[in-house]
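This short report looks at strand pairing, helix packing and an aromatic contact. Please keep the sequence and the 3D view at hand.

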Amino acid sequence: FMASVIVRNLGRIPYAYGIELQKELAIKYQNANQRKLAGEILFCEHDAVYTFGLRQKEYALEAARLERLGAQVFKVGRGGLTTFHGPGQLVCYPVVNLRQLKLGVREYVRCLELAVIEACAVFNIKAETTSCTGVWVGDQKLCSLGIQVTHGVAFHGLGLNCSNDLSWFGHVVPCGIEGKGVASLSQLLNKTVYPDQVIPALVEGLSHTMKVECVHESREL
């Protein structure tokens with residue numbers, strides 16, 4: 001049988017609430033039992049926020065500088081360095097039991113990358129992975145990716161640039177990679193593409209790469 005995941009679109013939520021919710025769900029789904037439900041995929045947007053991963057150095061100075069721009073700053077437990085989330089970027093947090101999905105961590109990250117590539121193809125954009133993490137179009141980063149695994153449950157996830165203001169990325173080196181640019185679906189297509197327009201394609205991609213059945217849940221938590 002195929003495992004199922006619940007899909008929720010939470011709209012715009014505070015970053016801290018997103019983290020709390022993921023932690024609660026990570027506890028809920030850490031017992032891989034025989035039931036079919038393997039986790040939940042949360043879609044949302046955040047107000048302007050920079051997040052630092054585990055490898056970030058000189059945190060305090062950098063945080064103070066970025067807060068002066070009017071963004072919130074958080075240090076989180078995912079892999080990777082600095083990234084940015086803001087309105088118009090589609091954030092996707094799959095909170096899934098990897099044991100139940102029979103996926104190793106590397107395989108799982110690959111599933112996320114391929115799902116984004118498949119979603120981009122729906123919009124006629126040829127995206128790819130490189131030796132750097134995330135999903136790229138040429139040497140422009142379209143989607144950042146960073147996960148954390150605790151007791152076999154993965155959380156955090158990805159941020160796909162749709163209609164967000166890319167100038168926020170100019171204040172940091174995205175994910176610590178020098179000399180690279182950033183792109184958004186809107187910029188690449190010369191028309192506004194909103195996050196909600198991309199969710200169906202990404203759900204389809206995730207369902208395909210992770211081999212799960214996605215069940216939409218409409219009600220709020």
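I6 stands opposite V215 in strand β11. The model is predicted. I6 also has a bridge partner in β2, namely E40.

Next come the helices. Helix α4 spans residues 105-122 and helix α6 spans residues 195-210. Their axes lie 8 Å apart, and the packing angle is about 140°. That angle makes α4 oblique to α6. The crossing of α4 past α6 is right-handed.

Which residues of α4 and α6 meet? From α4 come Y108, C111, L112, L114, A115, V116, E118, A119 and V122. On the α6 side they meet A201, L202, G205, L206, H208, T209 and M210. By class, the contact residues of α4 with α6 comprise 12 nonpolar, three polar and one charged.

How many aromatic pairs does the structure hold? There are five. One of them joins Y15 and F74. The ring centres of Y15 and F74 are 5.0 Å apart, with 40° between the planes, and the pair is tilted. Y15 belongs to helix α1 (residues 15-28), while F74 sits in strand β4 (residues 72-75). The two residues are 59 residues apart, so this pair links distant parts of the chain.

Notes: Residues numbered from 1 in each chain as written. Predicted model: local features only at pLDDT ≥ 70, side-chain atom pairs only at ≥ 80, totals over all residues. Heavy atoms only, no water. Axes fitted to C-alpha atoms, helices over the stretch in contact; angles between N-to-C directions. Helix = DSSP H or I, 4+ residues; strand = E, 2+ residues; numbered from the N terminus. Parallel < 35°, antiparallel > 145°, perpendicular 65-115°, else oblique. Left-handed = near helix turned anticlockwise from the far one by under 90°. Contact = heavy atoms within 4.5 Å. Nonpolar A, V, L, I, M, F, W, Y, C, P; charged D, E, K, R; others polar. Pairing = 2+ DSSP bridges. Phe/Tyr/Trp six-rings, centres within 6.5 Å; stacked < 30°, edge-to-face > 60°.
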